[in-house]
Amino acid sequence: MSQIKQLLILHRQGQGIKAIARSLSMSRNTVKSYLFKLEKLLSDSVTELSIEHILGMEEPEIYHLFHPGNPSYKDSRYEHFKSLLDYFSGELRRTGVSRALLWEEYKQGRPDGYGYSQFCHHLDQHSSAKTKPSLVLEHAPAEKLYIDFAGKTIPYIDRETGELIPCQLFVACLPFSDYSFAMAIPSQALADFLYALACCLEFLGGVPLILVPDNFKAAVVKADRYEPDINRALEDFASHYGMAVVPTRAGKPKDKARVENQVKILYSRIYAKLRNRQFFDLYSLNEAIRIQLKAHNQTRMKQKGHCREEQFMASEKPLLAPLPTERFELRHHAELTLSKNNHVYLARDKHYYSAPHTLIGKKLKVIYTRSMVQLYHQGKKVAAHVRSFKAGGYSTVKDHLCSQHQHYRDRSPDYYRDLASQKSAVLGKYICGLFEQNRYPEQLYKTCDGLLALSRKTDLRTLEKACQLGIDHGEYSYRFIKNVLENHTAFEDYSEPEKPLPEHQNLRGKAYYQQQKLEF
């Protein structure tokens with residue numbers, strides 16, 4: 001029971017002011033003020049109240065009866081201040097404008113105006129009165145999928161250049177269970193967005209009835225409160241998976257409050273936990289995000305007795321529509337000419353892709369998706385590449401090059417050693433010795449080409465003899481072998497016969513070198 005009710009009961013029983021104050025641990029002046037207000041209420045002919053009627057009221061009603069409100073609104077200063085409230089609210093939205101500054105300006109114009117505390121109190125009351133109420137939405141299981149992008153990017157480091165590559169974080173959630181999905185993608189472009197959305201549906205293991213995107217360009221071409229123009233590619237995607245697309249109203253984030261809240265939570269559960277880690281490719285970044293996301297979905301919610309994953313598995317997963325057998329991929333078409341360097345140039349990625357050299361100068365039809373680039377000639381696929389976004393780079397298949405270019409790309413000391421060994425063990429030994437010289441390997445490639453050319457024009461036994469001759473004399477050069485073959489000197493005997501010593505009497509013998517004292 002409230003103290004006001006107790007005070008009224010004691011007063012009705014005939015207790016005095018001191019007794020009431022002592023019984024309720026209240027000051028006598030407070031008791032006097034309440035009894036004064038009671039007498040005024042009972043004497044008011046408009047209200048026609050009695051103590052019994054007041055005691056029958058609920059406590060909030062009794063409190064409001066004895067505390068009718070702040071009399072400051074009846075102050076003459078309030079009428080002038082009320083006319084300035086909209087001006088003050090607008091000024092507070094400007095950069096650098098504070099309440100203290102506005103109060104100083106207000107006091108300069110009206111020195112007898114409100115003090116700073118009353119000034120701030122009335123501003124707060126005005127802003128509270130203008131606050132619009134929000135509706136608590138009821139969500140059916142497996143009905144909607146909210147999607148959004150986080151405002152902040154999440155980066156990885158390019159392994160080759162050391163450059164920091166910022167990525168967009170795609171976030172989605174089912175509002176009934178709050179079960180969430182997150183994934184880093186290169187951009188908010190249509191292809192990346194649809195790829196992330198397809199990965200999201202595979203992560204959920206099914207398809208909800210309605211997709212609720214924001215009004216970013218990849219989803220909505222032209223925003224409208226009543227009939228927004230949805231991107232044709234997104235419509236095709238939704239048709240492929242059997243969903244309806246219902247975008248939110250432009251500038252109304254509360255329409256998808258659940259996913260907005262998920263973004264806020266993931267800042268601490270993904271961004272903050274990965275802030276001191278370094279990633280060198282998008283795949284490893286997404287693996288780390290996947291681990292943190294799993295922990296997020298398995299964290300028990302404070303106001304509920306379960307986690308998001310438990311709610312999803314129990315109530316939503318069985319109601320999701322099945323996934324189609326094939327994943328949707330956005331396709332782009334182009335017609336490009338195969339240039340002399342065996343490559344077509346895809347201007348969208350600033351990247352080169354190879355095709356068979358026999359088609360140089362021909363028009364090729366190029367069909368590319370987010371992950372693959374396929375080249376066709378006269379309805380026949382002639383090449384397929386994994387799509388690369390490295391500007392100025394080349395994606396080359398060795399078999400597309402002519403034999404001369406393949407040979408040029410394959411050149412290395414091991415390549416020449418193996419090729420020479422296949423032809424002849426002696427030739428292989430000679431080329432091994434060639435590369436053992438203190439010279440840069442690429443300087444010797446043409447020498448190897450010349451020796452291999454000689455092997456195709458010369459009898460193998462003669463060439464082996466010439467190479468052995470070079471090995472014996474330490475001569476490792478194309479010119480030496482060529483001269484030996486041209487001069488037909490490979491089989492000549494270069495050993496010099498031993499010449500006998502002339503006969504003479506000056507023979508010292510063993511005893512001479514063993515003597516301790518020389519005798520002349």
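A charge is said to sit over a ring if NZ of Lys or CZ of Arg is within 6 Å of the ring centre and within 35 degrees of the ring normal. The structure is a predicted model, in which local features need pLDDT of at least 70 and side-chain atom pairs count only at pLDDT 80 or more, whereas totals for chains, interfaces and linings use all residues. Residues are numbered from 1 along each chain as its sequence is written, and side-chain values use heavy atoms, with hydrogens and water left out.

**Exercise 1.** Determine how far K152 lies from the ring centre of Y267.

Solution. K152 lies over the face of Y267, and its distance from the ring centre is 5.4 Å. A further case is K37, whose charged end sits over the ring of Y34 at 5.9 Å from the centre.

**Exercise 2.** Classify the ring pairs that Y179 and F181 form with F203.

Solution. Rings of Phe, Tyr and Trp (its six-membered ring) pair if their centres lie within 6.5 Å, and planes under 30 degrees apart count as stacked, over 60 as edge-to-face and the rest as tilted. A search of the whole structure on this basis finds 22 aromatic pairs. For Y179 and F203 the centres are 5.6 Å apart and the planes stand at 10°, so this pair is stacked. The pair links distant parts of the chain, with Y179 in strand β4 (residues 179-185) and F203 in helix α10, 24 residues apart; helices (H or I, at least four residues) and strands (E, at least two) are DSSP runs numbered from the N terminus. For F181 and F203 the centres are 5.2 Å apart and the planes stand at 45°, so that pair is tilted. Both pairs belong to one aromatic cluster, formed by F149, F170, Y179, F181, F193, F203 and F312.

**Exercise 3.** Decide whether Y179, F203 and N297 are buried, partly exposed or exposed.

Solution. Buried means under 20% relative accessible area and exposed over 50%, with partly exposed in between (1.4 Å probe, protein chains only). Y179 counts as buried because its relative accessibility is 7%, while F203, with a relative accessible area of 32%, is partly exposed. N297, found in helix α13 (residues 282-297), has a relative accessible area of 2% and is therefore buried. Leaving aside neighbours within four places in sequence, N297 is in contact (heavy atoms within 4.5 Å) with residues including Y179, F203 and R308.
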